[in-house]
Structure formats: C-alpha cells, structure tokens
Amino acid sequence: QYSEEELQASDDKNFLIGLIQSSIFLITAVIFMRWTYLAVLNSRGFGASAMKYTPKWAAFHYIIPIINLYKPYKVMMEVWKVSMNPSDWQKQGGTLLISFWWYSWLLWGLLERVGLQVFIKSESATALRDSAYISILTGAIGILSALFAILVINTIYHNQKRLVA
C-alpha cells in the first residue's frame, strides 16, 4: 500500500536510527568497561586480599565470547562485596540487584537477536508487526537493564566513596 519512495524514506530513517543506537551502545560499552576497570582497581586499593579478577581482565571479560555470559556478573559481585567490607569481603553476601541487572542484560541481548531474525525473515505485514512488538519489548527490557546498571554503579560508587573517607 506504500510507494517505493515512502518505503525508501522509511528504510533510510530506520538505518539512521540504527546507526545512532549502535554508536551510543558502543560509546556506553567502552565507558562501562572503563568504569569496571576502575572499580576493580579501587577495590584492590582498599586492601582486599585474594581478589580473583584484575582490573584489565575485569574489563576484557565483556568482549570475550562465552566468557562474557557469566564473568562480568562474577566480577561485579566481587566488586560489590569488596565495596561493602574490604577486609572481610569473602564473607559478605551478594545482592539481587546485580542478578537483576545481569539477567535483564542477557535477556535484552537474546531478544535483540531474536527480533533481528524475525525482522530479516519477515515476508508479511504480520511478521513485520511481530518484529516491531519484539523491538518494543526489547527496548523496555533494555531500559530496565540500564536502570539496574545505574543502581549498581551508584551503590558501588557510594560504598567506595565511603571507604575513601
């Protein structure tokens, strides 16, 4: 029901939006990896003994396939515990907040891939509509994951700031 020009204009807009989203994602990922590096470095500076993760590897775990499915969670939990009590961090309990962040992040990534496959294989208006619904759900879960990440960062930041003071 649409002209070729209208379809092309829509494709151009979608491409631009995708390019902007990808750029923001990449910039955010680099900043988050840098923050993780610094959080682990700070944790080691508080005198915590027997930490498993070095700052460099804590950041690189995000980009190594397979390992990136579980190591960032473990790194963040270690940082959380050290930030609570560096001298006795191994006896500290974890937090559901990190679990909520991590599992919402994994779910977001899975839905991104599913949505892309549905979109690529869509040959009807119904399939395109389904792809749009998946995209909306993916966006909502992405926002939720980002909010959890902000809470994790904020809490660790304030705990580490308290330890410095």
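Modeller: I begin with I66, which counts as exposed because its relative accessibility is 61%, above the 50% cut-off for that class. The model is a predicted one. I66 belongs to the loop between α2 and α3, the latter covering residues 71–84. Its phi is near 70°, a positive value in a residue that is not glycine.

A50 is placed in the loop between α1 and α2, where α2 covers residues 55–60. With a relative accessible area of 56%, A50 is therefore classed as exposed. A glycine also has a positive phi: G47, which follows α1, has a value near 90°.

Which residues of α1 are buried? They are F32, M33, W35, T36, A39, V40 and S43. An α-helix has 3.6 residues a turn, so residues three or four places apart point the same way. In this helix, the cover over the buried residues includes α2, α3, α4 (residues 96–121) and α5 (residues 125–164).

Another stretch of the chain is found at the surface. F15, L16, L19, I20 and I24 form a nonpolar patch there, and together they have about 520 Å² of accessible area. One of these residues, L19, lies in α1, which runs over residues 4–45. L19 counts as partly exposed because its relative accessibility is 45%, which falls between the 20% and 50% cut-offs.

Charged side chains supply a further detail. A search of the whole structure finds one salt bridge. It joins the side chains of R129 and D130, with a distance of 3.3 Å from N to O. R129 has a relative accessible area of 40% and is therefore partly exposed. D130 is likewise partly exposed, because its relative accessible area is 31%.

The secondary structure comprises five helices and zero strands, and along the sequence the pattern reads α-α-α-α-α. The radius of gyration is 20 Å, well over the 15 Å that the globule rule gives for 165 residues, so the protein is more spread out than a compact globule. Taken along the principal axes, the C-alpha atoms fill a box of roughly 70 × 25 × 25 Å.

What share of the 165 residues is buried? Buried residues make up 30% of them. The protein exposes about 11,000 Å², of which carbon and sulfur atoms supply 66%. Among contacts between residues at least 6 apart in sequence, 61% join residues at least 24 apart.

To return to α1, this helix contains buried residues such as W35 and V40 as well as the partly exposed L19.

Methods. Residues numbered from 1 in each chain as written. Predicted model: local features only at pLDDT ≥ 70, side-chain atom pairs only at ≥ 80, totals over all residues. Heavy atoms only, no water. Patch = residues over 30% accessible without salt bridge, like charges linked within 9 Å, V, L, I, M, F, W, Y side chains within 5 Å. Areas by Shrake-Rupley, 256 points an atom, 1.4 Å probe, with all protein chains shown as cover. Salt bridge = Lys/Arg side-chain N within 4 Å of Asp/Glu carboxyl O. Helix = DSSP H or I, 4+ residues; strand = E, 2+ residues; numbered from the N terminus. Buried < 20%, exposed > 50% of the residue type's maximum accessible area, 1.4 Å probe, protein only. Contact = heavy atoms within 4.5 Å. Rg over C-alpha atoms; globule rule 2.2 N^0.38 Å.
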